[in-house]
Structure formats: C-alpha cells, structure tokens
Amino acid sequence: MATVEILGKQIEVDSDGCLVNLSDWNKEVAVEIAKSEGIELTEKHWQVIEFMRKVYEETGDAPSIRKLTKQSGVDTKELYSLFPGGPAKKAAKIAGLSKPKSCV
Amino acid sequence: MSEELKKVSIVISKGSLEGIYPGLIMANGARMEGIEANLFFTFFGLDAVINKRMDKIKVATVGNPGMHMPTLLGILPGMSAMATKMMQKEMDKLDIPPVREFIEMIHDTGCEIYGCKATVEMFHLKKEDFCEQVDDIITVGQFYEMSAGGEIIFT
C-alpha cells in the first residue's frame with residue numbers, strides 16, 4: 001500500500017490516490033488533497049464535499065452524479081466546473097472517500 | 001498505470017431503449033472520469049434527441065432474444081410498453097434518468113451532442129425537430145475530424 005505525506009503525516013492511499021482510512025480525513029487534509037489536484041476549495045466545493053460525506057455515512061457509498069446534482073444544490077454544469085477532472089473521481093478523493101461504485 | 005484514455009466519441013445508431021441507453025451511460029461515465037466525450041446520433045438513434053420521440057423510447061420485444069420470451073408473445077399489444085415500464089422502474093432504482101433528463105445532464109457535463117446529416121436529410125428532419133441540447137448536425141467527415149486523437153465507440 002502506498003503512502004503520501006500530508007501535513008507531515010504519512011497517510012495510506014489506494015492506487016487512485018484515495019485515502020484508505022476514513023479516519024485520516026479532516027478539513028485540513030481535504031485542503032491539501034485538493035491542492036495536489038490543483039483545486040482551491042471554495043464554499044461551493046465544501047457544499048459538495050459535505051453532501052458526499054453525509055451520503056457516504058448513510059449508505060456506505062458516495063452518491064451518484066444524478067443524486068449529487070439533484071440534492072446537493074450544485075447543478076451538473078457547476079459541479080463540472082468546480083471539479084474539472086471529473087467530479088466522481090476528484091470530489092470523492094478530496095472528500096476522503098473511494099471512487100463511487102455506481103455507473104451514473 | 002498504463003496510458004489513460006483521454007477522449008471518446010460514441011455513436012448511437014439504434015432507437016430502442018436498449019439501443020440508446022448503453023451509449024448514454026458510457027458518455028456520462030466518461031465525463032464522470034474526466035474523459036472528453038462526444039455523442040453522435042445516427043439512423044434511428046436520432047429518436048433519442050427528437051423532441052416528439054425522446055419521451056417515448058421503448059424496449060424492443062420482437063426480434064430480441066435477450067427478452068427470453070417467444071417472439072409471438074412480443075407482438076401482443078402493450079407488451080413493449082409493459083417491458084419498458086418494468087425496465088424504467090429498475091433503472092430509476094439505479095439513478096439512471098429518463099432519456100430527456102439524461103441528455104440534458106450529459107450535455108451539462110460538457111459532452112457535445114451531434115446529429116448525423118445523412119439521416120437528417122433522409123428522414124426530412126429539421127433543426128427545430130431536435131431538443132436544444134443538439135449542438136449541430138454534422139457530416140461523417142466532420143465526425144471523424146472531431147474524433148481525432150480519441151477512441152470511437154459504435155453502438
């Protein structure tokens with residue numbers, strides 16, 4: 001298992017660079033992961049991240065893009081401009097979750 | 001990791017529900033992964049972006065061995081509607097939207113949507129017959145031009 005150094009701590013990540021242990025995540029870590037993806041987190045980003053974490057806690061999986069755009073208050077276009085490299089991958093990664101398992 | 005896929009151009013050529021959805025799911029999935037995507041609708045696949053038809057897409061119950069029922073049953077009135085309803089219910093559970101909503105969503109992800117010029121001329125269709133997400137009606141030559149540097153997937 002690979003590790004990356006975030007804020008002076010060695011943190012375990014999977015092959016996609018997502019955190020292995022949910023407990024390693026906190027807001028400061030999220031800011032650092034986002035930076036490494038070239039994203040500076042704004043209030044809108046946090047809205048998406050917090051929604052994703054909430055759904056994950058409830059269902060055990062990150063939300064689908066459809067659910068995300070219908071329920072988080074951030075529409076599809078905005079979602080893609082907030083996370084240009086693909087919202088499924090990037091937002092989940094920054095939120096400290098693994099990639100969503102659903103296809104849509 | 002080996003080389004990453006950067007771009008896909010997906011052709012949808014069939015107008016049944018099972019002919020349209022795989023291409024839509026692939027286009028949306030590509031965008032979710034940050035892969036650039038174009039959608040090209042040709043022949044009966046164009047029904048997916050024709051305003052009057054896109055909300056009435058049905059499962060083919062005749063000539064479809066995947067239905068696992070005798071073809072003669074498939075011809076019964078209401079059979080296709082029933083199969084379609086059942087499938088839509090299952091798709092909804094998986095958060096797969098109806099065609100119109102899916103097309104809107106895919107277009108919002110930055111995927112461009114095109115209609116095939118030859119088919120449009122053959123079926124005497126006009127630009128106003130299509131939903132607003134259709135970016136342009138293009139020739140096969142233009143399609144190849146915009147597909148350059150990516151993979152082409154025909155469905």
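Across the interface of chain A and chain B, 6 residue pairs are in polar contact, both residues at pLDDT 80 or more; such a contact is a pair of N or O atoms within 3.5 Å, where within protein one must be able to donate a hydrogen and the other to accept it, and residues adjacent in sequence count only if both atoms are side-chain atoms. On chain A, the elements giving two or more residues to this side are α3 (65-71), α4 (76-82) and α5 (87-94), with helices (H or I, at least four residues) and strands (E, at least two) taken as DSSP runs numbered from the N terminus. The largest share, 4 residues, comes from α3(A).

This is a predicted model, in which local features need pLDDT of at least 70 and side-chain atom pairs count only at pLDDT 80 or more, while totals for chains, interfaces and linings use all residues. Side-chain values use heavy atoms, leaving out hydrogens and water.

Put together, chain A and chain B bury about 1600 Å², with 55% of it on carbon and sulfur atoms; buried area is the accessible area (1.4 Å probe) that two parts lose on being put together, summed over both. In chain A, R66(A), Y80(A) and V104(A) lose the most area to chain B, together 45% of what that side buries.

Charge turns up here too: there are 6 salt bridges between chain A and chain B, each a side-chain nitrogen of Lys or Arg within 4 Å of a carboxyl oxygen of Asp or Glu. One of them links the side chains of K99(A) and E33(B), at 3.2 Å from N to O.

Note on methods. Residues numbered from 1 in each chain as written. Chains lettered and ligands numbered in written order.
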